[in-house]
Amino acid sequence: MNNIISECIMLNVEDIDCSVDHALKDNAHSCENRMAVRELLNTEIFVQQSGNKPRRVTLSDISSSGFRMTSKGSLDPLKPIFIRIPGIQSLSATIRWEGFKDYGCQFSQALTPSVFNNLLSKLKSLSN
């Protein structure tokens, strides 16, 4: 019985939204000890992988180091993806994890604060 309770507690800690990660950064189960603040979104954008047509996805959250998205179709985790947003230079990222229709991606280069703020502003305007 104690093992079941321990497993449930561990699952709950792992499932905590990473936007509160700064409070848990010393915990081994804190979403890979992310240091970047994550902004929650619900914005549709297009991503593309080499050899494929652009695909519409929904961004769930974004930070200066990466993002989480949902795609109705499958993506190849071995190929880089490119985000295309009007008025923003194409951004490259690598898929770091996948689960069902969700993908966690890391930008090839962390975004500077000014680039991140500009990108976030554009994404928020697209979701209205």
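User: Which side chain does Arg38 touch in a polar contact?
Analyst: The side chain of Ser63, with 3.1 Å between the two. Keep in mind that this is a predicted model.

User: Where does Arg38 sit?
Analyst: Arg38 is in the loop between α1 (2-14) and β1.

User: Buried or exposed?
Analyst: Arg38 counts as buried, because its relative accessibility is 8% and the cut-off for buried is under 20%.

User: OK, the strands now. What do they build?
Analyst: Six strands close into a barrel, with antiparallel pairing, in the order β1-β2-β3-β6-β5-β4. On average, neighbouring strands of this sheet are turned by 45 degrees against each other, direction ignored.

User: Take β1 and β2. How many bridges join them?
Analyst: Seven, between β1 (residues 39-49) and β2 (residues 55-62), and the two strands run antiparallel. Glu44, for instance, has Thr58 in β2 as its bridge partner.

User: And what lies between those two strands?
Analyst: Five residues, as β1 and β2 form a hairpin. Gly51, in the turn, has a positive phi of about 85 degrees.

User: How does β2 get to β3?
Analyst: Through a hairpin with three residues. β2 and β3 (residues 66-71) are antiparallel and are joined by five bridges. In that pairing Leu59 has Met69 in β3 as its bridge partner.

User: What about β3 and β6, how many bridges there?
Analyst: Five, again in the antiparallel sense, with β6 covering residues 102-107. Phe67 stands opposite Cys105 in β6.

User: Phe67, then. How many aromatic pairs does the model have?
Analyst: The count is one. Phe67 and Phe107 form that pair, and it is tilted, with 5.2 Å centre to centre and 50 degrees between the planes.

User: Which parts of the chain does the pair link?
Analyst: Distant ones: Phe67 belongs to strand β3 and Phe107 to strand β6, 40 residues apart.

User: Are those two buried or exposed?
Analyst: Both Phe67 and Phe107 are buried.

User: Last topic, the helix. Which strands does α2 lie across?
Analyst: Helix α2 (residues 113-126) lies across β1, β2, β4 (81-85), β5 (88-99) and β6.

User: At what angle to β1?
Analyst: α2 runs at about 95 degrees to β1.

Conventions. Residues are numbered from 1 along each chain as its sequence is written. This is a predicted model: local features need pLDDT of at least 70, side-chain atom pairs count only at pLDDT 80 or more; totals for chains, interfaces and linings use all residues. Side-chain values use heavy atoms; hydrogens and water are left out. Two strands pair if DSSP finds at least two bridges between them. Helices (H or I, at least four residues) and strands (E, at least two) are DSSP runs, numbered from the N terminus. Axes are lines fitted to C-alpha atoms, for helices over the stretch in contact, and angles run from 0 to 180 degrees between N-to-C directions. Contact means heavy atoms within 4.5 Å. Buried means under 20% relative accessible area, exposed over 50%, partly exposed in between (1.4 Å probe, protein chains only). A polar contact is a pair of N or O atoms within 3.5 Å; within protein, one must be able to donate a hydrogen and the other to accept it, and residues adjacent in sequence count only if both atoms are side-chain atoms. Rings of Phe, Tyr and Trp (its six-membered ring) pair if their centres lie within 6.5 Å; planes under 30 degrees apart count as stacked, over 60 as edge-to-face and the rest as tilted.
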